[in-house]
Amino acid sequence: MEVLAIIMVFSLFALILVGIPVPFALAVSGLVFGLIGFGSDLFNLLPLRIFGIVSNYTLLAIPLFVFMGVLLEKSQLAERMLDVIGHVSGKKSGGMAIAIILIGVLMGASTGIVAATVVTVGLITLPTLLRRGYDKRIASGTICAAGTLGQIIPPSLVLIILSDISGTSVGSLFAAALIPGLMLAGMYLVYIVIMSKLKPNSMPPIPQDERDAMPMGQLIKDLVKVVLPPFALIFAVLGSIIGGVAAPTEAAAMGALGALIVVGLSGRLSYTVMRDTVYDTFKITGMTFFVLIMAQIFSLSFRGLGGDELIDSLFEFLPGGVWGPLIFMMILLFLLGFFLDWIEISYIVLPLMLPFFHHAGVDIVWLSILIAMNLQTSFLTPPFGWSLFYLRGVAPKEILTQDIYLGVMPYIGIQVLALTLIIIFPSIATWLPGVVGW
């Protein structure tokens with residue numbers, strides 16, 4: 001049975017590598033080896049597991065948060081925010097790069113969708129940055145890094161999925177991820193400031209004539225009209241969850257309604273915007289749930305074949321008590337991020353390894369934040385980092401793939417440093433959930 005479990009894992013990766021979509025690879029490998037090991041009796045449990053997924057009240061937050069984020073993106077409010085914040089911070093060297101990181105924080109907290117942030121910011125800012133004399137690698141790397149902040153800053157699809165996999169509450173993960181996410185954004189800003197001092201010509205300020213074209217009074221008015229409403233919406237949604245006023249699903253419904261109100265008041269709500277928003281919401285949600293349901297087949301077969309005991313035995317051979325398996329898992333997740341998407345890693349690797357840490361008494365909230373931070377690097381690591389692909393698709397011809405790959409390297413290093421800090425100082429992730437009582 002254990003040999004079958006090992007072969008099943010290798011067959012799964014083989015199917016993925018030859019181009020089979022992940023949901024079908026999960027289902028095929030799980031069904032084939034489950035039937036070989038047990039026959040059809042094992043899958044009598046499958047309908048109950050699938051019903052548990054589709055009737056999970058917490059997971060209802062996924063389409064609602066996706067709707068909120070896609071609506072803000074489709075209405076092009078992000079473009080206006082970027083323009084306003086860019087003028088506020090554009091007087092100094094590196095000002096536009098700082099604005100991009102700040103927009104990444106706002107869009108990450110409002111959309112949580114990496115593709116939307118990278119594509120939107122890339123289309124709007126990259127030609128302008130090149131025209132203003134920005135270094136191609138710095139511009140590309142900053143846009144990709146800012147886009148991935150939505151994976152760690154709540155509300156995030158990664159955190160909702162990790163909540164389901166790890167068995168922890170969404171609210172506790174949102175509270176635990178807030179400080180690490182802001183810390184990571186702050187580290188990005190420190191890097192940009194340092195680079196602007198070392199290489200000011202690589203990040204020149206906005207020309208004076210462009211700044212003069214927007215008077216201070218107009219700038220303040222735009223800050224209130226364009227930046228304040230989405231910020232207030234984010235604060236209301238996250239504050240209600242972390243403060244215990246509303247459950248994540250209820251807060252997600254408030255966020256979806258609030259997004260409709262914000263976009264409606266801005267005059268950007270139209271039939272086309274709503275049609276595209278609903279279509280993309282169905283597409284993203286359907287993809288997520290399809291992978292989740294197909295993963296139940298693989299998980300059921302793996303556990304039935306004794307895979308849990310196999311993983312426990314593997315971890316027992318590693319030195320260092322709990323720290324050995326922890327470091328091993330972190331390194332494995334980082335390496336898999338070079339080749340697999342975060343959702344694939346989440347449903348293939350984590351269900352195999354998390355039971356060991358549950359039994360070992362590890363703080364699962366802290367561990368989940370480590371995993372989320374690690375999974376975030378998968379969007380930046382070449383050759384298959386999705387943020388790199390998203391930017392490559394919208395970048396001008398003068399931006400080479402090599403420029404994008406080299407541009408993200410410093411930010412990957414910053415993410416690894418942030419991950420190390422959270423490992424050494426767990427209170428970075430555990431302090432806020434303890435304060436608010438999660």
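This note sets out several structural points about the model above.

1. Basis of the note. The structure is a predicted model, in which local features need pLDDT of at least 70, side-chain atom pairs count only at pLDDT 80 or more, and totals for chains, interfaces and linings use all residues. Residues are numbered from 1 along each chain as its sequence is written, and side-chain values use heavy atoms, with hydrogens and water left out.

2. Buried means under 20% relative accessible area, exposed over 50%, and partly exposed in between, with a 1.4 Å probe and protein chains only. Leaving aside residues up to four places away in sequence, Leu367 touches Leu326, Met329, Leu354, Phe357 and Val362, where contact means heavy atoms within 4.5 Å.

3. Nonpolar surface patch. Val88, Met216, Ile220, Leu223, Val224, Leu228, Phe231 and Phe235 make a nonpolar surface patch of about 770 Å². Such patches are made of residues with over 30% relative accessible area and no salt bridge, with nonpolar side chains (Val, Leu, Ile, Met, Phe, Trp, Tyr) joined within 5 Å and like charges within 9 Å. Accessible areas come from the Shrake-Rupley method with a 1.4 Å probe; for residues, only the protein chains shown count as cover. Helix H12 (residues 216-242) gives the most to the patch, with seven residues. Leu223 lies in helix H12 and counts as partly exposed because its relative accessibility is 31%.

4. Salt bridges. The count comes to five salt bridges, each a side-chain nitrogen of Lys or Arg within 4 Å of a carboxyl oxygen of Asp or Glu. One of them joins Arg137 and Asp403 (3.6 Å, N to O). This pair links distant parts of the chain, with Arg137 in helix H8 and Asp403 in helix H21 (residues 401-424), 266 residues apart. Arg137 is partly exposed at 38% relative accessibility, whereas Asp403 is buried at 6%.

5. Lys283 and Asp280 form a salt bridge (4.0 Å, N to O). Both lie in helix H14 (residues 271-304), three residues apart, about one turn of the helix. Lys74, Asp280 and Lys283 are linked in a network of salt bridges.

6. A buried glycine. Gly150 lies in the loop between helix H8 (136-148) and helix H9 (157-166), and is buried with a relative accessible area of 2%.

Terms used:
Helices (H or I, at least four residues) and strands (E, at least two) are DSSP runs, numbered from the N terminus.
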